[in-house]
Amino acid sequence: MNLQQLRYVVATAEHRTMTDAARSLYIAQPALSRAIRDLERELGLTLFARSGRGVVVTTQGLRVVKLAREALDAVHEIEGLAGQGGATEAELRIASTPSLEPGLAGRLLPAYSAEHPGVRVHIVRCDGRDAVVSAIRDQRADLGLTDLPVPTDLITHPLERQEIVLISPPGLDLPNPVPMRKLNGMRLALPARGSLRRRELDAMFGRYAVAPVVVLETDERNGWLKAVRNGQASLLWYRGMAEQASRAGLVVRSLEPAVRRVIAVVHARKRLPLIAQDFLTTAEKGTAA
């Protein structure tokens, strides 16, 4: 048994399909299947059982997966120490969506850096919630900042509830707050059809029996703002982006009833590096304050 096999076991347990696990490991699916079978023969254990198109971890496999994660975490920490050499600066990688990055950079990071000046924080910029999840699963980030919900293979630490507001071009005759019924027939820029965020917004529209006019469908956030600045549409976005919108001459209004999403720090189900644990402590302390 070697470290590569341990990585294969953990990836398969996390993704629950050989195809997705192989893709995350950048290897062919048949090669991963053979490696898992070889390891099961070597150990004399059945780690995974087929279930439909995927796999489930067996009772024996659960213990092996837990120990494999612990072993890989320990190796990662040792490699981190070796990589630092004589340097005093460690690196913490935090994945964030564009909507939440201003709050991360403007509020959480200064508080963390003040207490831990020897840690360099690298923000992994992600297009949306799904990209944050992928960055954590692919080990490109230690922590993620995103709205909920996220898949259950990640651990969540809720920090706050952030309001969703209506951002519009100037000149629209609208009250503040805007009743939900006013969204009926309103020209909106929305995320691409079929995306998770679009499905959530469509569910909200259905709940309040409103049907906006979709002017633009894209996951490109700069495209949303451009459409609003050009007077083509309004936009539903987080309150955290209100300052940016106001600087661009746009009008920010609340909704009635208010709509809020839970913002959380998320990470994989494994032991976190100490610098990541320290960030969680700082973030939760700031929330309590």
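These legends describe close-up views of a predicted model.

**View 1. The largest nonpolar core.**
The largest nonpolar core has 53 residues. Six of these residues touch the most other members: L92, L166, I167, F205, L236 and F279. In soluble globular proteins, nonpolar side chains tend to be buried together.

**View 2. The surroundings of L166.**
Which residues does L166 touch, leaving aside those up to four places away in sequence? Its contacts include L174, V178, L183, M186 and L188. S234, L235 and L236 also touch L166. So do V251, V252, R253 and L255.

Helix α8 covers residues 221–229. Which of its residues are buried? They are R221, W224, L225, A227 and V228. Seen down the axis of α8, the buried residues fall within an arc of 160°, so they line one face of the helix. On the other side of α8, N222 and K226 are exposed. An α-helix has 3.6 residues a turn, so residues three or four places apart point the same way.

**View 3. What covers α8, and what follows it.**
Several elements cover the buried residues of α8. Strands among them are β6, β8 (187–190), β9 (213–217) and β10 (234–238). The cover also includes the helices α7 (196–207) and α9 (242–247). After α8 comes G231. The phi of G231 is positive, near 80°.

**View 4. Helices α1 and α3.**
Two packed helices are described by the angle between their axes and the distance between the axes. For α1 and α3 (residues 29–43), the angle is about 110° and the axes are 10 Å apart. Angles of 65 to 115 degrees count as roughly perpendicular, so α1 and α3 are roughly perpendicular to each other. From α1, the contact uses Q5, Y8, V9 and T12. From α3, L32, A35, I36, L39 and E42 take part. By class, the residues of this contact of α1 with α3 are six nonpolar, two polar and one charged.

**View 5. Helices α2 and α3.**
Here the axes of α2 and α3 lie 8 Å apart, at an angle of about 105°. These two helices, α2 and α3, are therefore roughly perpendicular to each other. Which residues meet? M18, T19, A21, A22 and L25 in α2 meet Q29, L32, S33 and I36 in α3. The contact of α2 with α3 has six nonpolar residues, three polar ones and no charged ones.

**View 6. Two cis peptide bonds.**
The peptide bond from L148 to P149 is cis, and its omega is near 10°. Where does P149 lie? P149 is in the loop between β5 (143–147) and β6 (154–168). N176 and P177 are also joined by a cis peptide bond, with omega about 10°. P177 sits in the loop between β6 and β7 (178–179).

R16 is not a glycine, yet its phi is positive, about 65°. The loop between α1 (3–15) and α2 (18–25) holds R16. With 44% relative accessibility, R16 counts as partly exposed. Q139, another residue other than glycine, has a positive phi near 65°. Q139 lies in the loop between α6 (129–137) and β5.

Technical notes
Residues numbered from 1 in each chain as written. Predicted model: local features only at pLDDT ≥ 70, side-chain atom pairs only at ≥ 80, totals over all residues. Heavy atoms only, no water. Core = buried A, V, L, I, M, F, W, Y, C linked by side-chain atoms within 4.5 Å. Buried < 20%, exposed > 50% of the residue type's maximum accessible area, 1.4 Å probe, protein only. Contact = heavy atoms within 4.5 Å. Helix = DSSP H or I, 4+ residues; strand = E, 2+ residues; numbered from the N terminus. Arc of directions from axis to C-beta. Axes fitted to C-alpha atoms, helices over the stretch in contact; angles between N-to-C directions. Parallel < 35°, antiparallel > 145°, perpendicular 65-115°, else oblique. Nonpolar A, V, L, I, M, F, W, Y, C, P; charged D, E, K, R; others polar.
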